[in-house]
Structures are given as C-alpha cells and as structure tokens.
Amino acid sequence: MKKLICALTVALSVFVCASAASSPIFPVEQTGIDGETRYGYLDDSGMTILPFSYTQAGEFADCGLAAVENDKWQTAVIDRSGHLVIPYTDSPVSVDFSDNMVAYRYKDHSVYYTLAGEQVGSYAGAVGFFEDGLLLCKSPASDLYSYVTESGEPAFDGQFSNAGSFSGGRALVQDTDGSFYAIDTTGNTLYSLGSGITPSYMTIFGEDTIVLSNGTREALYSLSRNEYLTDFIYTTISEFHDGVAMVQQVNRWGLMDTTGRWLTEPTYYYLSYMGEGLYAARSEDGSAAAVDANGNIAYRTSSYAGGFNELHYGLSWHGTESGTLIFFKRNGGYFASLENAENPTLLSENVVRVTQDGKLRYINLATGRVLFEQPTSFNLGNGITANTVHYEKFMGFLEDGSSHGWDVDFSEITGLSDESVQKSINDAIRTFFLEGPSVSAEYEALEGGYGASIEGSVLVVWANCVSGKGVGAAVWNGSLAFDLHTGQQYGITDLFQSGYMNTVKDLLPDTYPIYLYSYPRVSTDGVTWHYNEYESETRRAYTESYLLTFDQLRDVVDQDGAFYQALQTPYVRPASTVAGFSDVSITHWAASYIQAVADAGLMEGAGGLFRPDAPITAAEACATVVRSQQLPAADTPMAGLPEDAWYTPEVSAAYAAGLLDGLADDFQPTAAISRADAMQLFANALVRQGSQLPDEQTVGQMLAAYTDADSIPAEQRAAVVLCMQNGLISGYPDGTLRPNNTLTRSEFAKLLTVLPASA
C-alpha cells in the first residue's frame, strides 16, 4: 500500500540520491487541511531542523546535499543548514549526486555543478558522471556515443554505437561496424575483441575482466590475457560489486570473483545484492538470509514475507506473515520490530517511515518513539472536524512493475448539530471521491488527498489528486460546496446570473482557451479557476490557479441568491446543548422543559451540569415550587433544618405556606422525593391558588383504573387525583401510577411547566 497524501508527491522520485550515508536529518512530508503537502527536515529526536516549506524534498546524499522543489515547479539543491547551494531553476527529470558533482537531468541534456554550486557545463545526452576527467554522452540526433571534457569539447575523434564510462583509465566501446574493443582516455585501442564476442555489460570489472554472452549463456573473459576465464556455462552473471558477481548455474546461484573463482558455490535458490558487501539469499529450506561474499550468514530468518531490500544506513528489513516488520543490522542481529506496519523507507540509521495502522508515521526504531505522524483529522472551527478516510482499489500492475489502482484520502465531517444534514454531506463527499473525475478516469490510477475549509456558512471540500500515471496524467482538483445549515449542495451556476462566462473569459488570462480553465472553487473572496497541465516526459502534471474576486465579478454575481448570501454570512454553530448545561443535549426528550424552567429561574444546575437523570430531592422540589409560586420568606426557619443549608430558606417558606401539609411524617429534605409526596406538594400549591380537592367518590372512580392505587397513602389519594385533573400526572402504559417511585430532575422539570405559576 502506497501512501500518497498529495497528488504532487508522485514527483518525489525526481530526486535520486547517490548511495545514502548516515544522515542526521531526513525529509518529512505533511499534508495540511488546504490539501497541500509540504516537506521539512527533522532529526532523530523529532526536532524540526528545516521548516515545512518545500513542495518536494529528497534525502541528503553522501556529499551532504539534497534536492528540493518549490511550488513554482523549480528545483534547488540545499545543504543541511537549508542554504541554497544551487538556486531554484527549471525542474529537471531527476537530480543525481556523485562524490564531487551534482547533475540536473533533463530530457535531452544534463547540467553539471560542483558541490559548491558552480556550473560546470551543459552536455547533450550525458550519461553518468565524469570518470577519469571524461563524460560519456549519447547524441540525441545520431544516437552515437562519444566522450567530452568538462569544456564540452570532444576528448578525441570517434563516435560509437555503444560505450561504457571510463574506469581506471579504460572504457569498453563498440564501433559502428559492430566490433568491440577497449580504449584509453586518448582514444587509443588497448584490446580488441574477436568477432562473435558480445559483452553483456559495457563495463570492465577489476583489472580487465568483462562478462560475455553467446546468446544463451555467459562467461568471463580477460582482456589482457585474451582468454576466457570460464566456459559459457552460466545462465546469468551479474555486474560485479567490489569484485564479486552473482552467478546462476542451471537453477542455483553462487558468488564468483573477477578471476572466475567461486567464493560461494551455487547452492542458493535466489540471490540479490543488498549493498555494503551483503547479499539476500533464499535457501532450499525456504529460509532467507543476508550473507557475505564467502557465504557467512549475517542474518537469517525462516519467517519471511518480503523485504531483504537494499541496505540503507546499515539497516535492512523483512516482513512476516503476521504483518510485523523486522529490522536488522548490516553486521548481523535483530535491531527492532514494528507491528501492523508496511512500506518501510529507512531515512537514517535509526528512523523509518512506515504506514502503520493506516497512518503515515516516522518512527525512531532505537527508542520506539513516533517522531511525526500525518494528522488524520483537522479542526475547521465552530466544532466541525474533517476526518480523513482512506480508500484503496487495486487494479493490477503496469509494465514497469508498479501497482495500478486508486490510493485516495477523502474527508468525513463530524460536529454538525443536525445529524441528517451531516450524513447527507458525507454521503455526497464519499460519492464524489469514489466516482472520481470522470467515467473514463475510473479505469485510471488515482492518487492523492483532499482539502476543506469553511467559507462563511459554506463547507467547501476539494480533491487534490492525480489521475493516471506517467505521460498524460492530470491533476484533479474538483470541488463541492454545501450549506452548513441545510446541507444543500451548491453548484457554480447557483452563484451567477446567466451569461457570466463572458465576464469570466474577459477576466482570465488569454494564455489558454477558456474551455481549458476548469474546476472553479468558491471562497469568501471569490472564485478560483484552475488550468491543469498534463504530465509530459519532462514535466510533472501541475496546476495554475487564478482567483477572480467578487469585486471583479460583481456585475454577474447573484448577490441575493442563497449561495452568495451563505458565503457572506459567517457560520454560527447552532446550540447543541440546553441552557448552557453541557449534559443536556438539544435532542434530549426533556430539552424544551429544561430550557423553560431554566429560563424562568425555577431550576438551576451546578458546575455547568443539570443532572437530568438524577433523582430530585425533597429540598430541590420545594425550592422550585416556592420559586414558581413566588412565596414570601418564612419569619422563622422550619424546625429541624440546618441553619446554614442552602435549602433552609426555601423549604421553610414552603412549610410556612402549608405546602408540606400531608407529606410523609419523616420528611427528609436531602432524600429523593417520592411521586406521591411530589403530587401532595403540587396539590397544596393548587389548593393555595383556589383549587378544590375532589370528593371521595371522584377519587375512587379515577383511581379504580390503576392496579397499584391501593399503595397510595389514604391521606394523599385526593392530592394525586387533583394533580391528575390538572394534567400534572398520568399513569404508565401498564396501568400503574407507581406512587412510591422517585422523580428525575427531567421529569420534575416537565411537571413544573404544567403547574400554574402564582398569579
């Protein structure tokens, strides 16, 4: 799984470093809510050494330099302090580093610089770097090779149909008549090869060894001795690394030196060079190992699922079937492991970049600490959050072996108070990203992410992706706009009056035809149009953006339309809680009752909480009724109440007004009040307002329908019925009144809204 947060990160491969040495700082990518990816440099402790100011950034090469790119598609080379060694200039296809030079590779030429940033020269068809003071070049016009000096002048007469770089003062070339021979730096022939001899590589290894092919098998040949060092019995002989080549004989691999001597007999099922003198080897028993040229095992495992890649900073890795990555050192031995991780890239002798648990992370393997993690959610303000959702669709492999498919991030919005509006917006965003830019693009690779912003009362979400791969790939930056209050999706035509495109055409640069400007994106400032350029052989896909302000567009904007008004109206988040109580959502069943009693000052909370589901105490019930009935304070406190208790004044007022008459004899102000006592309290207030208690016959008739009526204390039966007559209480669906149960604060709030206030 490849994680490409931003469409522009496909250009990361532009920066090709020479063999990587241990580097104290490394590039880190970060994608913001604007959808743009920026690169900075961190050290092994996670400290930011160079700011996140680059559109692209490569690792530092052994020479201490790295290539970076700005948002104008220009490339520069920096040192570890961020100083521009080579100023920004037109971006090449790649940047290569050697021990003493930097090469900007363009399609048909290369520009070389010293490590101090001084330009050496520009050379058509340059291959590699200067060796022995000469540079191999292939003419774009004739396809013939020649050698030039730093001045650009031919080193000697002669053009060749094939040639290799100089090494040790010699190079292997093929004349235009098909003959192969070795030459010195003046062009003189040192050794000629006989007819029918074809080098597998245009390279001289060791003192004078070359690899030859007869069309089906390969052998080693000595130029100076003019004789074969081996017979044509090998299926494959690789290029030599430090005097050692991997050799396949029949279906087994071994290691051989430049004299044709076996260093390790052909016993391996598979070999590949890892660098630094180590080889990845697969044995008959299925185990994988890192071995040296003599077959000595530096590291071995029987639990293998990919890996044993090139050594980087003295480390390599392999996967396991359980999804764990194991990291091991060049000199052998386990170093660290990461669970649920994939796609490792070693960035220093301690740091690795991986995708772990679906997140892009930079981890210090020595400490296990996550140094940096790509954010997966962004605060848009007003309590609204954009959360990243990752989507992958594998569609196969391309000719170069790279995977083909979709690797896309898109947003899911949370925090809207209206869940139905939130769902409709998220459904539209998901559909937009999973359908892609067009029907035909559905069958192309799609990689990238998204951006999002709140513009007035409008949520704008846009793609920042690349559709397709290689030449012909294009940026997709289409966008959506939603009213945050209603969820209505706006289109660009909702913003304008008819005929607006004539004005837009006049305002946009005439560099391109108007139909090539696409994907207009709205903001509070205006509308941005994009010109998207396809990727070519020499340039990645890119975008040019042009903002037309509403002042420029004022003659064609529908300023009375809902879209424009929403853009110009700051979003005010609807209250999600009641009366400032954080524990009472506006969706709570008693929200309106709690709001009413809070507005009337009848019930209060504490510490921002209402405690809607907590039982209401007798003291709290008395206090609310006293406030509802606006009862005067008592002359003396009720006997038995603490003098300093908060409830003493109001409970005393209820007692003095007779509201506690008929309540249970063991009145406990801090205990939860029963439903029967609460009805007695309400009935006393109703009587005080002039209501009459019902007669015994009426009481009997109304309570006969309830199966638990007998549990109502005899002296409270009339009070219960009076409350029923005034709509304060009703039975439960199962035919009970449950007089001994308690009331929650929410339930009591509802009753208070029914109890008539004092006149």
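Which residue just after H9 takes a positive phi of about 75 degrees?

## What you're looking at

This is a predicted model, so some ground rules apply: local features need pLDDT of at least 70, side-chain atom pairs count only at pLDDT 80 or more, and totals for chains, interfaces and linings use all residues. Residues are numbered from 1 along each chain as its sequence is written, and side-chain values use heavy atoms, with hydrogens and water left out.

The protein chain holds 10 helices and 50 strands. Both are DSSP runs numbered from the N terminus, with helices (H or I) of at least four residues and strands (E) of at least two.

## Overall shape and surface

Picture a box of roughly 130 × 70 × 45 Å, taken along the principal axes: that's what the C-alpha atoms of the protein chain fill. The radius of gyration of the protein chain is 40 Å, while a compact globule of 759 residues would have one near 27 Å. That radius is taken over C-alpha atoms, and the globule rule is 2.2 Å times the number of residues to the power 0.38.

Of the 759 residues, 49% count as buried. Buried here means under 20% relative accessible area, exposed means over 50%, and partly exposed is in between (1.4 Å probe, protein chains only). The accessible surface comes to about 34400 Å², and 47% of that belongs to carbon and sulfur atoms; the areas come from the Shrake-Rupley method with a 1.4 Å probe, and for residues only the protein chains shown count as cover.

Among the contacts with a separation of 6 or more, 46% come from residues 24 or more positions apart. A contact means heavy atoms within 4.5 Å. As for charge, there are 39 positive and 91 negative side chains, and the centres of the two sets lie 3 Å apart. Lys and Arg count as positive and Asp and Glu as negative, with His and the chain ends not counted; each charge is placed at NZ of Lys, CZ of Arg, CG of Asp or CD of Glu.

Strand S13 (residues 134-138) and S14 run antiparallel, joined by four bridges. Two strands pair if DSSP finds at least two bridges between them. The two make a hairpin with six residues between them, and Asp143 in the turn has a positive phi of about 65 degrees. Across the pair, Cys137 stands opposite Ser146 in S14. Strand S14 (residues 145-148) points Tyr145 and Tyr147 one way and Ser146 and Val148 the other, and all are buried.

Further along, four strands build an open sheet in the order S15-S16-S17-S18, with antiparallel pairing. Its edges are strand S15 (162-163) and strand S18 (189-192), each pairing on one side only. Strand S16 (residues 170-174) meets strand S17 (residues 180-184) over five bridges in the antiparallel sense, and Ala171 has Ile183 in S17 as its bridge partner.

## Strand S40 and its neighbours

Strand S40 (residues 403-414) is mostly covered, with nine of its 12 residues buried. On one pairing, 12 bridges link it antiparallel to strand S39 (residues 384-397), where Glu392 stands opposite Asp407 in S40. S40 also pairs with strand S41 (residues 446-455), in the parallel sense over three bridges; there, Trp406 has Leu446 in S41 as its bridge partner.

## Loop residues to look up

Most residues other than glycine have a negative phi. Tyr313, though, has a phi near 55 degrees. Tyr313 sits in the loop between strand S30 (297-301) and strand S31 (315-319), and counts as buried at 8% relative accessibility. Arg611 also has a positive phi, near 55 degrees. The loop that holds Arg611 runs between helix H4 (591-599) and helix H5 (618-629), and at 40% relative accessibility Arg611 counts as partly exposed.

Ser523 lies in the loop between strand S46 (517-522) and strand S47 (526-533). Leaving out residues up to four places away in sequence, Ser523 touches Glu455, Phe550 and Leu567. Ser523 is buried, with a relative accessible area of 15%.

## Back to helix H9

Seven of the nine residues of helix H9 (residues 717-725) are buried, so H9 is largely enclosed by the rest of the structure. The buried ones are Ala718, Ala719, Val720, Val721, Leu722, Cys723 and Met724. Their cover includes helix H7 (675-688) and helix H8 (696-703).

And the opening question? Just after H9 comes Gly727, with its positive phi of about 75 degrees.
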